[in-house]
Amino acid sequence: MSAKAISEQTGKEFLYKYISTSAAVQNRFRYARVTADTDWDRLTQEQPWLLTERLVVKPDQLIKRRGKLGLVGINLDLHGVRDWLKTHFMKETTVGKAKGVLRNFLIEPFVPHEQDEEFYVCIYAMREGDHVLFHHEGGVEVGDVDAKAQRLMVAVDEKLTEDQVTEQLLTNVSEDKKQVIATFIVGLFTLYEELYFTYLEINPLVVTQDGVFILDMAAKIDATADYICKSKWGDVEFPPPFGREAYPEEAYIADLDAKSGASLKLTLLNPQGRIWTMVAGGGASVVYSDTICDLGGVDELANYGEYSGAPSEQQTYDYAKTILALMTQEKHPEGKVLIIGGSIANFTNVAATFKGIVRAIKDYQGPLKEHEVTIFVRRGGPNYQEGLRVMGEVGKTTGIPIHVFGTETHMTAIVGMALGHRPIPNEPPKDAHTANFLLSASNSAKTPAATRTASFSEPRTSNDVTPAKKSKAGLPAGNKERRTHLHTLQSLMFLPFFFFLSSAKETTLFKKTTKTIVWGMQTRAVQGMMDFDYVCSRDEPSVAAMVYPFTGDHKQKFYWGHKEILLPVYKNMADAMKKHPQVDVLISFASLRSAFDSTIEAMQYPQIHTIAIIAEGIPEAQTRKMIKMADEKGVTIIGPATVGGIKPGCFKIGNTGGMLDNILASKLYRPGSVAYVSRSGGMSNELNNIISRTTDGVYEGVAIGGDRYPGSTFMDHVLRYQDTPGVKMIIMLGEIGGTEEYRICQGIQEGRITKPVVCWCIGTCATMFASEVQFGHAGACANQASETAVAKNQALRDAGAYVPKIMFNTVYEELVANGTIVPAQEVPPPTVPMDYSWARELGLIRKPASFMTSICDERGQELIYAGMPITEVFKEEMGLGGVLGLLWFQRRLPRYACHFIEMCLMVTADHGPAVSGAHNTIVCARAGKDLISSLTSGLLTIGDRFGGALDAAAKQFSKAFDSGMLPMEFVNKMKKDGKLIMGIGHRVKSINNPDMRVQILKDYVKQNFPSSHLLDYALDVEKITTSKKPNLILNVDGLIGVAFVDLLRTCGGFTRDEADEFVEIGALNGIFVLGRSMGFIGHYLDQKRLKQGLYRHPWDDISYVLPEHMSM
C-alpha cells in the first residue's frame, strides 16, 4: 500500500524538524510518550518541563474525535496526569465499532487560549491536485468541515502562495492574524509536499500573540516514497488502526515484503477465528474476503492477506508457515478451514509457489491434524496442474483433508464448500493440461451455451439482479418480459465481480499493426508477446525493439513461430525512438525507482501515444505528475501497478493473459464482443476465462492498476468502448477506494454511455470489519463513506448499470437474440511450438545433461555443499578444512582431519621468492600483467620437479607398502630402476637441519590420527636414505602425501578403493596448488605494492657460451 497513517507524535516530529516558515511555531519537540515501559523518573529528567507546566494527556493510537469521547485530560499537573492515566491506561475502550486497549499516550504542554483563537486546517491529495481546507472555527465542535470550510485546490506541480491563502481561505479571519496564518499554511503545504504526505490535518491550530501552536494533528504519508525520504523520515513506525493489535507476525511478513520483489501482505483480524485464507493476488484476495463475509463468515474470518508477483518457493514457504503457525495456536470446537485461493495467474509459476506451501504443510502436518484443519484449494495459471497435483498428493500422504480445484471451478466456489453452503464434489471436472496449446477443432458457429447452475455463494434465486430504479443502460425497449428470463453468466456468478473502464485520449489504442518498444530486459514477457502475435496471425511481431540502459547496444534472440529472429536492444531511448519511428506504444518494466524518469522521457517523443507502466510502488506524487504530463500531451497511461491489457487478435501488453495455453483456452487470439476494464491484473485474467466461457469472447480488456491514481481511469476506457463499434457489452470491475465509479454513474445518467454496462465493486466486506483494513492494492482503502464498495455499488445500481448481487445476469444472450451480436465461426489458430525450457518444466521432454556435478547446488534458496546447506556449514563451524572435505571428498570429515587440511595449506602457502612458481609470478606481476595471469604463470610450473610430488609420493610409498616390500627393498628397487623416490630430498634442509614444517605435521599426525602406518613406513625409508646422504630427508611434499593416504584410509569415511581413487585422480596435488596459490597471490600483491618495474635478468647471472661445435 502507499498512504499509511502515522502517529501524532511522528507527525509533529516531522513538522517541528522540517517546517520552514516565518510564523513562530511554539512548543517544538515538547511532547512525551507514555507506554507500559515508561520510567517516570527518567522521563522527567529528559523532559523537565513536565514538572513545571500545566499539561494535556491523550491516547496516540489513531483515534478520531478524542475530545468528544472524553479521552483527553486537560490542564493537569504531572500528578493529575498520572491519576488520569490510572483510569485509562490499558483499559478497553470502544470507538465506533472498534474495541481496543489504550496503551500509548502523549503528554504535551497545556496552551491557554480563547475559542476565537482556534482554527482548522487540512491538506489532502486528490488526482488533480492537493486540496487545502481552512475554517476559522476549529476545535472539538468544528462539525462538518467539508460543508463549512473554505477550500483551495493546488494543481499538480503548482505552488501555493500567501496571496492565494489570504484571498481564498482567510476571508473570515481577523486582519491581525492573516499574515501569520497565511505564512504558516504555505510552510505547512511545502512540508506536506517535500515529505510526501497524503493527508495532514491540524485541529485545532491555535494562533495567539505568542505564535502558532499545533494542538492535535492527524497525518498519512506515502510509504512508497521511503527511498526518497529515508534521510528525513528515518525508521517510521506505522501503528495499526485502533482496535487491531500490532502482531509480530504482521511485522515479519512486512519485512519479507520489503525485501522481496513480490508482494506479501498479512493482516490479522481475529486470531481465534476458524476461517483462514492464503490467497494469490491483490484483487482476488478482496473477492474471497467479500464472499466469506457475504456467506456469514465475517465473525470467524481470521485474517486478510495476499501473495503475488511471482514469489520464490522460499518466500511462499515463509509466508505459508507464518499463517499455519498462527492458525494452529488455538483450537476451535468446529475445526478450522484454510482457503488457498486465487485467480488465473498471468505469469506466476503456480507449481513453484505451491511447492513452498506444500513444504509448510508437511512441516505443520501434526498441528494441522490436531486442530482439524480442512484445506480448500483453487488456482489457475502457468503450470497450475502440476501445482494442484502436488497439493493433492500432500493431502494423501499427510492425511490432511485437502480439496483441490482448477479453472473448471469458479473462483469463489471453494468458499461455499468450506462454509458448508455447497457440497464438495468427489471428482471435479478437469480442464486441459497446460501443454495442450491447441484448442480442439470446432465447427460450431457460436460459443456453446453456458451451464446454468446456481452460485456456490448463495442459494438459487429467481430474480438474479436487484431491480434498478430506472431502465438499464443500453437495454432495448420492450424487453421487460425477457429480462426475467436472463440466464446467469456462468463464470461470473460466484464472484462478487466488478468491472470498470476509462475514456482515453484515442478511441483505438491498439491495432493489428501496432508496434511497441519494451523498456527493460524482460525476455520472457517479450517472447510471450511474440507468441501471441504469431497465434493472432499478425504479419510482424509487435515488439520493434527493447531499451536497457545497463548494457551496450546489441541484439537479443527470440522466436517467431519456428524461426529465430534478432531484436535490437538499445542503451538509450533516443536511439530506439529514432530508429523505429513507427512505434507508438511503450511498455515499461522499469523499477519503481526509475519508472518515473523513463516515463517522463518517453513522453518527450510525439510518436508515443500509449504507455504501460508495470511497476508497483511508485510514489503517488510522481504518478500525478506523470498523469498531468500525459493529459497535456495526449498520451494514455495504463498503470502503474498493472499487468497491462490485451486486445484479442491484435496486441497484448507484456504478461497479460498468461501463457499461450490460457490465450488459446480463453480465445484471446480473436476478438469477441465484450470489453472490460478492471483494476486487478489477476482478476482481468479470470475475466478472460469467464467471458470466453459465457460469451463470444473478449474484444479488449485493460487492467488500469491498483494504485490510488491510475494513469487512465474507468471512465476513460468505458468511453472508448462506448465509441468502438465492435464492443457490444461493457464490464467494469471496480473496488473500494476512490470515486472514479461515480463518473460511470454520471455517464449513464447523462446518456453518454448507452451500451449495456455490468458493474461491481469489490471490497464490500470492509464495512463489516470493526477496524480499517488496507487491502492488497494501494488504492483499496476508503477514506470516506462515498468511497466504500457498498456505496458505489448502490450508486451504480441507481444509475441504471447492471449490478449483480453476488450473481451476474448475462446480457449477452439478449444481445445475440436481438441481433446486436452475431457470433462468428471459430477458426483454429496457427500452432506455436513450446519453448524447450517450459516443456521441460512441464515434464514433457527429457534430454541428457551436458555435464554432471555432485558437490554443489546453487539453484535453491540456499547454497548447498555436498548436501549440506551453507548455514549448517557455518553453524557447525566446519572451517576451511571442512568445506574442502565437502567439495573435494564429498564427506563430512572428522574435526582432526579438517584441521590437518588447514595445517597443510598453511605450511605449503609459500617457500620464498626463489622457487620457480613464485619467480614466475613475480616476473609476470612486474611485466604489468593482472592477478589472474600472474597467478596462472606461477601455477603452470607445478609438476613432478616442483610441488607436484604429493601425488607421486603417495602412489610410490602406497604401492611399496601395500605390496609388502621392506623399506630397504623399496630403496634398492628404486635405485636399480634409476628412479627418484618422490617426497625424499631437499636442497637446503637435512637430517641435521630439519624442516620444521615436516616436524609440525608429523607430530600432529602422531598425536591425532588413529593410525599412521604409511607415514611410519616413509620414516623408515628416510632413515635409510639419510644414512647415505643427510639431505635425503622426507620433505614436506612427501609427508603430506603419505599422511593424507593414512587419513583417507583410517578416518572411517572412505572404503579402501575410494581412498585409493582419490590418490589416483590427483586430489593430493590440489593441496599444494591451493596452498601455494595464497603465496603466489601474496608475491603479486607485494610487487604491486612496492611498485616494482619490468624485470630484466642481470647479465652477470647468465653464462653466455657459443654453440658446442663452435667452441670446440
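Predicted model: local features only at pLDDT ≥ 70, side-chain atom pairs only at ≥ 80, totals over all residues.

Q: Which residues have the most contacts inside the largest nonpolar core?
A: They are Ile744 and Leu796, in a core of 103 residues.

Q: And what is leucine 796 in contact with, leaving aside its neighbours within four places in sequence?
A: Its partners are Met732, Glu741, Ile744, Cys745, Cys759, Cys761, Ala801 and Val803.

Q: What does the second, separate core include?
A: That core has 62 residues, among them Val915, Tyr1017, Val1036 and Leu1047.

Q: Turning to leucine 152, where is it found?
A: Leucine 152 belongs to strand 10, which covers residues 150–155.

Q: Is leucine 152 buried or exposed?
A: Leucine 152 is buried, because its relative accessible area is 5%, and the cut-off for buried is under 20%.

Q: What does it touch, not counting residues up to four places away in sequence?
A: Leucine 152 touches Asp130, His131, Val132, Leu160, Gln164, Val165, Gln168 and Leu169. The C-alpha atoms of leucine 152 and glutamine 164 are 8.2 Å apart, with the two residues twelve apart along the chain.

Q: Now the surface: which residues make the nonpolar patch of about 260 Å²?
A: Tyr836, Leu844 and Ile845 make that patch. Leucine 844 sits in the loop between helix 26 (836–841) and strand 33 (856–857), and is partly exposed, at 44% relative accessible area.

Q: What does UniProt list for residues 509–618?
A: An unreviewed UniProt entry gives "domain: CoA-binding" for residues 509–618. Over that stretch the chain is 25% helix and 29% strand, and the end C-alpha atoms lie 24 Å apart.

Terms used:
Residues numbered from 1 in each chain as written. Heavy atoms only, no water. Patch = residues over 30% accessible without salt bridge, like charges linked within 9 Å, V, L, I, M, F, W, Y side chains within 5 Å. Areas by Shrake-Rupley, 256 points an atom, 1.4 Å probe, with all protein chains shown as cover. Salt bridge = Lys/Arg side-chain N within 4 Å of Asp/Glu carboxyl O. Helix = DSSP H or I, 4+ residues; strand = E, 2+ residues; numbered from the N terminus. Buried < 20%, exposed > 50% of the residue type's maximum accessible area, 1.4 Å probe, protein only. UniProt positions renumbered as here; feature names shortened; annotations may be inferred. Core = buried A, V, L, I, M, F, W, Y, C linked by side-chain atoms within 4.5 Å. Contact = heavy atoms within 4.5 Å.
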